[in-house]
Amino acid sequence: MFDYDYIIIGSGFGGSVSALRLSEKGYKVLVIEKGKWWKSSDFPKTIWNLKKWMWLPLLNFFGFFKLTFYKHIGILSGVGVGGGSLVYANTLPVPKKSFYMAKSWSHLASWEDELKDFYPLALKMLGADRNPRLEPGDIALKKLAADLQREDEFETTNVSVYFGKRDVTVPDPYFNGKGPERSGCTFCGGCMVGCRFNAKNTLDKNYLYLAQQSGARVQAESKVVDVKPLGGEDGSEGYEVIWEQSTSRFMKKTGKLNCRGVIFSGGVLGTVKLLLNLKKTSLPNLSKKVGSMVRTNSEALMPVTALDKETDYSEGVAIGSILHISEHSHLEPVRYSKGSGFWRLIMLPRVEGKSFITRFSRIIADFIKHPINNIKTIFVDDWAKRTQVLLFMQTIDSTLRFSEGPFGIGMKTGMEDGKSPTPFIPEAQALAEKYAEIMNGKAMMPNYEALFGIPSTAHILGGICMGKDKNEGVIDKNNRVFGYKNMYVCDGSMISANPGVNPSLTITALTERAMSLIPPASECLWK
C-alpha cells in the first residue's frame, strides 16, 4: 500500500539530516526537491551567468539562488539538492545563551541541555574547521575591533570547508571512506557562487550522500503541491503526496505517492507557503499559528567598495572572520569571487531616512557632494574584487506574520510583534562608515533598501514554531505537527527564537534531536 515509509519535502539542512537518520534506522525514504542536482562542474564561474545562478522559472532560469520580495523584507535563499548549503557562506556558529532562554520557547525545554550533544554531532557531520588565514577584509575587521577596543571579540570563523592541500583531490577525509572524494580549498571566495572546486561541505557531500548509501532516494526538479491523509483525518493511516515537475512551464509531469509519514523541510518560503495552502484544503486540523512568529536576525547587508585598485578583497572563504560587537550584535565581512559583480547594478549610496522623499533627496545630494567617489564605486573594474559586504546581525526579537496572498496567490507579510524590520540601523551604519575609512572605501546599499526601506535577510526563520499545544504553536518541542500523526517539520521554519547568527548549524542540531526520538523501523508501530 505504501511507496515509502517517509517522504521528505525539501533537501536543505533539515531534510538532509532527516533522510540520513531515518534511512539508517531502516525506513524507506524519499526526498523530493524542487531544485536541480548540481555537480561542482555545473556551477557558473560568476553570478553574471544569471540563467545558471538565479531561480526564476518564469524566465526559464533554474539556478540555485532565489531572491524574494515582500512588503517588509527581501529574502535571499537557496534552491537545489542541498538547499541553502549550496549558497550559504559556510559559517557554523553556536548561538549564545540568550537564544535558549528566549521566552518564546524556553518554557518547552531546557534547550541548552537538550542540544548540547547535537551541536558537536552537527559540527562533525558538516566538516567544521577554523578558517586558517586572514584576508584583507578580515584584517580590516581586526583593525576595527582594535579601534573599538574589542580585540578579544574578534575571531576567525568555524566553516564547513575542506581545506586540505589546495587543488589536491583525496579520498573521503570525513566518514572513513564512505563519503565522496574531496579537494582542498582554493580560497577563491566563491563559496556563495557555488563551489566549483569540491571543497565546500554542501549537504550532497555528507548527509545526503550517506543517506543515499543507506537506501534513501532523491527526486529532484519536483514540487509537492498537496499532502492528503489516507483514511482517517489525522493521517494515522498514512498520506498521499502529490507532486509536479518544477522545471517546466508547460506539460508538467505529475505524480502521486503514498507514505506512512511526512517531513516538511522546504524552508520558510516552501513549508509555510505549502501549509498555508493545505490548511484550507487537505490539512484543516493545522494550527491557526501557521505563518506566525516569523523572524530574521535583524540584519543589515552593507557593501563597502574600495576606492583604489591595489587590494584584492575577493580571496578567502566567503566569511573568514567575525567581530562580536556586543552580546546581542555581530559583524562579518562577506566576499564574492572575482568577476561576480552583478550586485553593482543595484547599488546606491548608503543613506537613511523615514520617507522615500527624504532618502531619494539624500541619494541625489550624495551624488552631487561626492561625484568622483560615486563614479569610482559604480564603474569599479571588478566589483567583487574591490568590495566587502558587511553583514550585521543582532538578536532583537520582532516578528512578522506570513499569510495567504491576494486571490490565493503566494504570500504576504504583516507585522505581528515589535518594530518593523529596517535596513537603517544606527549601530550598523556607524560600523559601516568606520570600516569604510579603514579600507579607504565607500559604503553602499541595495536600491530596494535605499529607496523603499525593504531590508534584506539571508536568515528567514519561523512560521511553523513550537508550542505547548496547537493554540501556541504548530509543532511540539519534538517537531511533531499538532493534529496529525507521523508528520514533522524540520527546517528554518521551526526555529522559535532569534539566534542572532547563521542558523544552519542550529537547524541541523534540532533536526538531529528530532530524528533521534523516532524509534527504529523494527520497533515502530506507526501510531
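# Close-up views of a predicted model

**View 1. Strand S24, seen from both of its faces.** Gly441, Ala443 and Met445 point one way from S24, while Lys442, Met444 and Pro446 point the other way, and all of them are buried. Buried here is under 20% relative accessible area, exposed is over 50%, and partly exposed is anything in between (1.4 Å probe, protein chains only). Strands (E, at least two residues) and helices (H or I, at least four) are DSSP runs, numbered from the N terminus. Since six of the six residues of S24 are buried, this strand is largely enclosed by the rest of the structure.

A word on the model before the next view: it is predicted, so local features need pLDDT of at least 70 and side-chain atom pairs count only at pLDDT 80 or more, although totals for chains, interfaces and linings use all residues. Residues are numbered from 1 along each chain as its sequence is written, and side-chain values use heavy atoms, leaving out hydrogens and water.

**View 2. The open sheet that holds S24.** Seven strands line up here in the order S8-S18-S19-S21-S17-S24-S20, with antiparallel pairing. Two strands count as paired if DSSP finds at least two bridges between them. Strand S8 (154-156) and strand S20 (347-349) stand at the edges with a single partner strand each, so one side of each has no neighbour in the sheet. From one strand to the next, the twist averages 30°. As a reminder, strands of a sheet pair through backbone hydrogen bonds, either parallel or antiparallel.

**View 3. The partners of S24, and the helices on the sheet.** Strand S17 (residues 300-306) pairs with strand S24 (residues 441-446) in the antiparallel sense, over three bridges. Look for Thr305: its bridge partner in S24 is Lys442. Helix H9 (residues 356-369) packs on the sheet and touches S20 and S24, with its direction at about 80° to that of S20. Contact means heavy atoms within 4.5 Å, and the angles run from 0 to 180 degrees between N-to-C directions, using lines fitted to C-alpha atoms (for helices, over the stretch in contact). S20 and S24 also run antiparallel, joined by three bridges, and Pro349 stands opposite Met444 in S24. Helix H12 (residues 426-438) lies across S17, strand S19 (329-334), strand S21 (387-394) and S24, at about 150° to S21.

**View 4. Helix H14 and what covers it.** H14 (residues 504-516) has 13 residues and reaches 18 Å from its first C-alpha to its last, close to the 18 Å expected at 1.5 Å a residue. That expected span is 1.5 Å times one less than the number of residues. With 12 of its 13 residues buried, H14 is largely enclosed by the rest of the structure. Covering the buried residues are, among others, helix H1 (13-24), helix H5 (118-125), helix H7 (207-213) and strand S15 (254-264).

**View 5. The largest nonpolar core.** This core has 90 residues, and those with the most contacts inside it are Leu22, Trp105, Trp111, Val227, Phe264 and Leu275. Its largest share, seven residues, comes from helix H8 (residues 267-280). A nonpolar core is a set of buried Ala, Val, Leu, Ile, Met, Phe, Trp, Tyr and Cys residues joined through side-chain atoms within 4.5 Å. Not counting residues up to four places away in sequence, Trp111 touches Tyr100, Trp105, Ser106, Met466, Lys477, Leu510 and Arg513. Apart from this core lies another, of 40 residues, including Ile47, Val159, Phe187 and Ala384.

View 6. A search of the whole structure turns up zero disulfides, a disulfide being a pair of cysteine sulfur atoms within 2.5 Å. Cys188 has 28% relative accessibility, so Cys188 counts as partly exposed. Cys490 counts as buried, at 0% relative accessibility.

View 7. At 79% relative accessibility, Asn176 is exposed. Asn198 is buried, its relative accessible area being 17%.
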